[in-house]
Amino acid sequence: MFGIGFQELLVIALIILLFFGGKKIPEMMKGLGKGVKSFKDGMKDIEQTGSTDSKEPTDQEKK
């Protein structure tokens, strides 16, 4: 993984912990998880609706 070993990752993690603090990191990870879930749900919606290259205007274009 880019030549980064365990010790380097540990040092980076400690620096992040010192920079953001122990209480802020879980909040950031929660927000990141919600963002990833939202992205995946959006990708599922796109796959279910099919191609977006249709000739019919979308709901946003109709407004």
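What follows is a short chat about the predicted model shown above.

Student: Before we start, what should I know about the model and its numbering?
Tutor: This is a predicted model, in which local features need pLDDT of at least 70 and side-chain atom pairs count only at pLDDT 80 or more, while totals for chains, interfaces and linings use all residues. Residues are numbered from 1 along each chain as its sequence is written, and side-chain values use heavy atoms, with hydrogens and water left out.

Student: Thanks! How many helices and strands does the chain have?
Tutor: The chain has three helices and zero strands, in the order α-α-α along the sequence. Helices (H or I, at least four residues) and strands (E, at least two) are DSSP runs, numbered from the N terminus.

Student: And what share of the residues is buried?
Tutor: Buried residues make up 0% of the 63 residues. Buried means under 20% relative accessible area, exposed over 50%, and partly exposed in between (1.4 Å probe, protein chains only).

Student: Switching to packing: how do α1 and α2 cross?
Tutor: Their axes come within 9 Å and cross at roughly 105°, so α1 and α2 are roughly perpendicular to each other. Axes are lines fitted to C-alpha atoms, for helices over the stretch in contact, and angles run from 0 to 180 degrees between N-to-C directions. Angles under 35 degrees count as roughly parallel, over 145 as roughly antiparallel, 65 to 115 as roughly perpendicular and the rest as oblique.

Student: Which residues meet there?
Tutor: From α1, Ile 16, Leu 17 and Phe 20 meet Lys 24, Ile 25 and Met 28 of α2. Setting aside neighbours within four places in sequence, Ile 16 is in contact (heavy atoms within 4.5 Å) with Gly 21 and Ile 25.

Student: Is Ile 16 buried or partly exposed?
Tutor: Ile 16 counts as partly exposed because its relative accessibility is 38%.

Student: Where are Glu 27 and Lys 24 in the helix?
Tutor: Both lie in α2 (residues 24-49), three residues apart, about one turn of the helix.

Student: What about Asp 41 and Lys 37?
Tutor: Their side chains form a salt bridge at 3.9 Å, N to O, and the two residues are four apart in α2. Lys 37 counts as exposed because its relative accessibility is 55%, while Asp 41, at 35%, counts as partly exposed.

Terms used
Salt bridge = Lys/Arg side-chain N within 4 Å of Asp/Glu carboxyl O.
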